[in-house]
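Please keep the structure in view while reading.

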Amino acid sequence: MKLMEGSEAIAEAAIAAGCQFFAGYPMTPFTELLEHFAKRLPDEGGVCINAESELEAVGMAWGALATGARAATGSTGQGLSLMQESFSEITLAELPLVIFNMARGQQDYYQSTRGGGHGDYRHIVLAPMDIPEAVELTQLAFHLADKWRNPVLVYGDYLLAHTHEAVNVSPISFDGELPAKDWALDGSLGGTGQSRLVSPLGFEKTGRESPGIEAHLRGISAKHAEISATEVRVESGYCDDAETVIVAFGPPGKFVRYVVTQLRAEGEKIGYVRPITLWPFPTEAVAAAADGATRVGVFELCAGQMIDDVRLGVLGRAPVIGIGGISTDGSGFGVGPLLDVEIIRDRVLALHRDLPLPSLPDNDRSF
Amino acid sequence: MTSTNTELKVIGQQLPDLLLTAHHHMCAGCGEPLALRGCLESISDLGLSQRTIAVAGIGCYTSFSMTTDLDLVQALHGRAPSVATGVKRMLPDSIVYTLQGDGDMVNEGLQEVLHAAARGENITCVLLNNGVFGETGGHMTATTVLGQRTKNSLEGRDATYHGFPILIGDLIAQLEGAAYVARGSVHNAGSVARTAKMFRRAFETQMRGEGFSFVEVLTMCPTGWFIPTIEGPQYMQDTLGEVHIMGELKVDGVIHTTEELHAQNVLKAAEMEKALARGGIDA
């Protein structure tokens, strides 16, 4: 065990998973992740490029992936907005990109799960609640990306990036053999008639069977349906007889779990669901928890985004009510006063007792 | 059988080693296949076929991604130099080149190629410059020259309204990371041969690990220029060729200005005329 900042632990976990290439552009609160890759990857025989823009960072990762290397990029949601065109196409090129979003709060739920890019594409989205789980899910991200030849996004935030915890980072082996990267390019096949093409367009080299764009897109859509059916990860507790169920993800999910556990000890019939994969969303777990419940609360640090997926899971079984909200520090980058055990407890109890929600706490506006 | 008395003599292989088929989707009179031939033949001639990875942008030339017999990454419009950077950094012993048009490189992806050059990225970027978006049907790009008519500059490019063209080769030559920069053309046999030499020098620069190399090739686009096919080469010389001056813009760290290259070209043309007057170059 070693005391590490979350950013360092995530970078170390990526390196433990065999990540050989990283490119990024500094942006709070993602910057320290880039710093750790820049410091550590060369020691490991890898490459970290301080790209001149997010557009270039994702392009560089694309090239590294095409050679079969494990490669990643990242930013905050704002920087990821710039990368979306490439994310769409990398998904269509079936390249196993790992993306880190060290987000400013939870405002990027839509971006992560719907995407800001074009076309029918999906990323697996893993949302760790703390640094030990981030270490595990970062390694899982590389595994799943290779397993499905599909981008995987790790949703972090200011708290994960900047707090320290004692963690053990060592390589994790996951079940199941990964498919061979028989599509990767090394330049050795030129002039043999067997050269390879890594393309999002659904075309193959002349003379070889080519699915064409329609069949290619349908194939990817079928793959996404399979991921959706098999890769859901979720934690829930106390839901069997719960009158009130609270859904929350990431570090706020850990706060909610703590509050609900406390209230259970006091005899309140409250349960929680913590989605670990945001896509595929644990629709069935949410539906099961809502069965028999009187109300479902959604605690998220944004105006209300995941609540849409919760409603799709609950499907009218119970009213779904947002009990979170926008809360930032004075800079807009960090954690606001809403992420506080006492404040969350008051809001959960107000919902549970059908009382009006307390007003949102304001930050002190100082930088 | 042909009706001519002259015996036909095969003077060269028609299909380059690195093309899977001679078939392509380009319009009649397009200069891109000629430029691509120069590039691919240089790779085979230098014995690089089995260590080269290509990265293609989006334009008419994208259809060659399927027919080029090299490992190839299909990139987005504008993004090829970054993708090539990722490839090269993972496989430093490979030879990596990009293929982009002027819309792709000088409009959409200008910063990518400049940054790759400034980093001295040990790759070769190839620009097929015809001064228009050929694929969309002849629209103005950042290299369209003043007075050139396009579908969105119908009366000709006007500096006061559309701004000035970017001379990308000249710009890249200024960057310290750029080791070799040249601008060729394919509008006549002499320039095709000269351009082939530029490709070879660019790849040799990369083989020696000297840094960024750049070959711009002026290509005909009679369809996008709205002129008869046969007029393509002359139009190219009179419009693009007068502004984007052909020649080696940077060799061994020495930058040659547009004015120098122009003077060299005038001298060469005069020598050529004299030689022809004497009865040909071999006379």
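Of the 283 residues of chain B, 53% count as buried, a residue being buried if 20 or more other C-beta atoms lie within 10 Å of its own, exposed if 12 or fewer, and partly exposed in between, with C-beta atoms placed from the backbone. The model is a predicted one, in which local features need pLDDT of at least 70 and side-chain atom pairs count only at pLDDT 80 or more, while totals for chains, interfaces and linings use all residues. Residues are numbered from 1 along each chain as its sequence is written, and chains are lettered from A and ligands numbered from 1 in the order in which they are written.

The C-alpha trace of chain B spans about 55 × 50 × 35 Å along its principal axes. A compact globule of 283 residues would have a radius of gyration near 19 Å, and the 19 Å of chain B agrees with this; the radius is taken over C-alpha atoms, and the globule rule is 2.2 Å times the number of residues to the power 0.38. Among the contacts in chain B with a separation of 6 or more, 65% are accounted for by residues 24 or more positions apart, where two residues are in contact if their C-beta atoms, placed from the backbone, lie within 7 Å. The secondary structure of chain B comes to twelve helices and ten strands; helices (H or I, at least four residues) and strands (E, at least two) are DSSP runs, numbered from the N terminus.

Two strands are taken to pair if DSSP finds at least two bridges between them.

Leu127(B) of S4(B) is the bridge partner of Gln100(B), and Cys125(B) stands opposite Phe214(B) in S8(B). Six of the six residues of S4(B) are buried, so this strand is largely enclosed by the rest of the structure. Both of its faces are covered, with Thr124(B), Val126(B) and Leu128(B) buried on one side and Cys125(B), Leu127(B) and Asn129(B) buried on the other. S8(B) (212–218) in turn pairs with S7(B) (178–185) in the parallel sense over seven bridges, and Ser213(B) in S8(B) is the bridge partner of Tyr180(B).

Helices of chain B lie against these strands.

Which residues join the chains? In the interface, 38 residues of chain A are in contact with 35 residues of chain B. On the side of chain A, helix H3 (54–66), helix H4 (77–92) and strand S9 (197–198) each give two or more residues, and H3(A) gives the most, with nine residues. S9(A) pairs with S2(B) (residues 71–74) in the parallel sense over two bridges, and Leu72(B) is the bridge partner of Leu197(A).

Two further sites belong to chain A. In H10(A) (residues 283–290), Ala285(A), Val286(A), Ala289(A) and Ala290(A) are buried. Seen down the helix axis, the buried residues of H10(A) fall within an arc of 130°, so they line one face of the helix; the arc is that of the directions from the helix axis to the C-beta atoms. These buried residues pack against S10, S11, S12, S14 and H11 of chain A. Phe249(A), in the loop between S11 and H9 of chain A, is buried, with 30 other C-beta atoms within 10 Å. Beyond its neighbours within four places in sequence, Phe249(A) is in contact with Ala127(A), Arg274(A), Pro275(A), Leu278(A) and Met306(A).
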